[in-house]
Amino acid sequence: IQTLASYKAFFAADVRFMINIQDKSKCCGCKACGQVCPKQCITFHTDEEGFWYPSVDSEMCVNCGLCEKVCPVLHQYAARKPLSTVAAINPDDNVRASSSSGGVFTLLAEKVIEQGGVVFGVAFEKDWTVSIKGAETIEALANFRGSKYIQADAGESFKICKQYLEEGRLVLFSGTPCQISSLKHFLRNDYENLITIDVVCHGVPSPGVWKLYLAEVTEAGQKAIRDIKFRDKRKGWRKFNFAIEYSKADREYVMVSNYDKNIFMRAFLNDLILRPSCYDCPAKGGRGHADITLADFWGAEHFVTAIDDDRGISLVLLNTQKGNDLLNLCCTSPIVVEYDEVCKYNTAIYKSCSPHPKRMKFFTDFANGCNVNDLIAKTLKPSSRQQVHQLMTNMKIVIKRILQGG
């Protein structure tokens, strides 16, 4: 009787199980909710910061609750440490040169393709936004190489992935930790023929800011973009460049700027334009539950000097036996390192970044239609106190060098 009374009271309160975003930091934009909805009543709209969020048509909603069940923020996996941690590089110098770190992702993906499998990764669209795509040839893997520091649109990729899995195809799915977590919640089944890879993520910048930045840069010089590299290595892996290749008047050009000079990269690395959920990431510290986690091996000079040539080294966290088995198939000489030690040089593995103190002011001005290049430069301009502090620091360094030279 008590159970029946509770049941009646529950429905009398008209409780509805649907995604209803009140706090934007609680939505990572994975789009799992939209893909799982049986009535297709969830659409996505872009807010004033340039990020997409779900919106539910309550008239169409049948209150099934699936949208909430697949949410990686509402249902977070437990943190975990990897089974083992290794350093590795791709022996193909050309692949390594076009990769952000050591090119290990391509090694893993090629092995899956060779077995008749499908690989999902992040690729540029024609308008230079990014989305998760599938590839079935080794040649197509080139589209996935290189970091793209913009939030990737998952689109219908989870549904397509599930179709391949149900057909018995081997699938390698890669993405950010929150995307891998959401994929697993979406599938609700541990497929033996699924291998997942996530990347150590600093945070995802606003697609809206990226679009305006690119429009301003390209319009200024009437450039037709042919390629974009966020991690161009022509000056080395550590001191990487941001590069845009474009054509103009039948001639080819490359616009290159160091990562700490490029205006978009400065906004990204100063945590100014990241998605609100990135400041309290629901998938840090292994909570994405991917089989393999890939990252730049920052601090490599302290651990693997034999292969540290400033051309990029991959840090590989082997989280499951499945992931370990795949690496062993394609990498014969990984170097074992200590997880806790390498974390000291890559805190993004387990720690979320903090929002820039001027983030709210920036996006208020951004929503009012300011020139985004000028706005970023203005927002990140050091205060007078910071400039004096930097001047004093530089003077101390110069004086120390003079004294040591004497």
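Contact, as used here, means heavy atoms within 4.5 Å of each other. The structure is a predicted model, in which local features need pLDDT of at least 70 and side-chain atom pairs count only at pLDDT 80 or more, while totals for chains, interfaces and linings use all residues. Residues are numbered from 1 along each chain as its sequence is written, and side-chain values use heavy atoms, with hydrogens and water left out. Of the 406 residues in the protein chain, 50% are buried, where buried means under 20% relative accessible area, exposed over 50%, and partly exposed in between (1.4 Å probe, protein chains only). Among contacts in the protein chain with a separation of 6 or more, 66% join residues 24 or more positions apart.

**Nonpolar cores**

- A nonpolar core is a set of buried Ala, Val, Leu, Ile, Met, Phe, Trp, Tyr and Cys residues joined through side-chain atoms within 4.5 Å.
- The largest such core holds 68 residues, and F173, W210, Y213, I228, F230 and F362 have the most contacts inside it.
- A second, separate core has 26 residues, among them V86, F105, A135 and I292.
- Apart from its neighbours within four places in sequence, F173 contacts F120, I132, S157, F158, C161, I180, L183, L194, I195, T196 and I197.

**Helix α6 and its packing against α7**

- Helix α6 spans residues 157–166 and helix α7 residues 177–187.
- The buried residues of α6 are S157, F158, C161, Y164 and L165.
- These residues lie on the same side of α6, because they cover an arc of only 120 degrees around the axis; the arc is that of the directions from the helix axis to the C-beta atoms.
- The partners of the buried α6 residues are α2, β4 (118–124), β5 (130–135), β6 (171–175), α7 and β7 (194–199).
- The axes of α6 and α7 come within 10 Å and cross at roughly 55 degrees; axes are lines fitted to C-alpha atoms, for helices over the stretch in contact, and angles run from 0 to 180 degrees between N-to-C directions.
- The two helices, α6 and α7, are therefore oblique to each other: angles under 35 degrees count as roughly parallel, over 145 as roughly antiparallel, 65 to 115 as roughly perpendicular and the rest as oblique.
- The crossing of α6 and α7 is right-handed; a crossing is right-handed if the near helix is turned clockwise from the far one by less than a right angle, and left-handed if anticlockwise.
- On the α6 side, F158, K159, C161, K162 and L165 meet Q179, S182, L183, F186 and L187 of α7.
- G168 follows α6 and has a positive phi, near 90 degrees.

- Within helix α12 (residues 359–367), R359, F362, F363, D365 and F366 are buried.
- They are on the same side of α12, because their arc around the axis is only 160 degrees.
- The axes of α12 and helix α13 (residues 372–380) come within 11 Å and cross at roughly 160 degrees, and α12 and α13 are therefore roughly antiparallel to each other.
- F362, D365 and F366 of α12 make the contact with V372, L375, I376 and T379 of α13.
- The crossing of α12 and α13 is right-handed.
- After α12 comes G369, with a positive phi near 90 degrees.

**Individual residues**

- T106 lies in helix α5 (residues 104–114) and counts as buried, at 1% relative accessibility.
- Residues up to four places away in sequence aside, T106 touches N90, V95, L141 and R145.
- Q40 sits in the loop between α2 (32–36) and β1 (42–46) and is exposed, with a relative accessible area of 59%.
- Beyond its neighbours within four places in sequence, Q40 contacts M60 and K159.
- The C-alpha atoms of Q40 and V56 are 9.1 Å apart, with the two residues 16 residues apart along the chain.

- N63 is not a glycine, yet its phi is positive, about 65 degrees.
- N63 is located in the loop between β2 (52–56) and α3 (66–69) and is partly exposed, with a relative accessible area of 22%.
- W128, a residue other than glycine, has a positive phi near 70 degrees.
- The loop between β4 and β5 holds W128, which counts as buried at 14% relative accessibility.

How values were computed. Helices (H or I, at least four residues) and strands (E, at least two) are DSSP runs, numbered from the N terminus.
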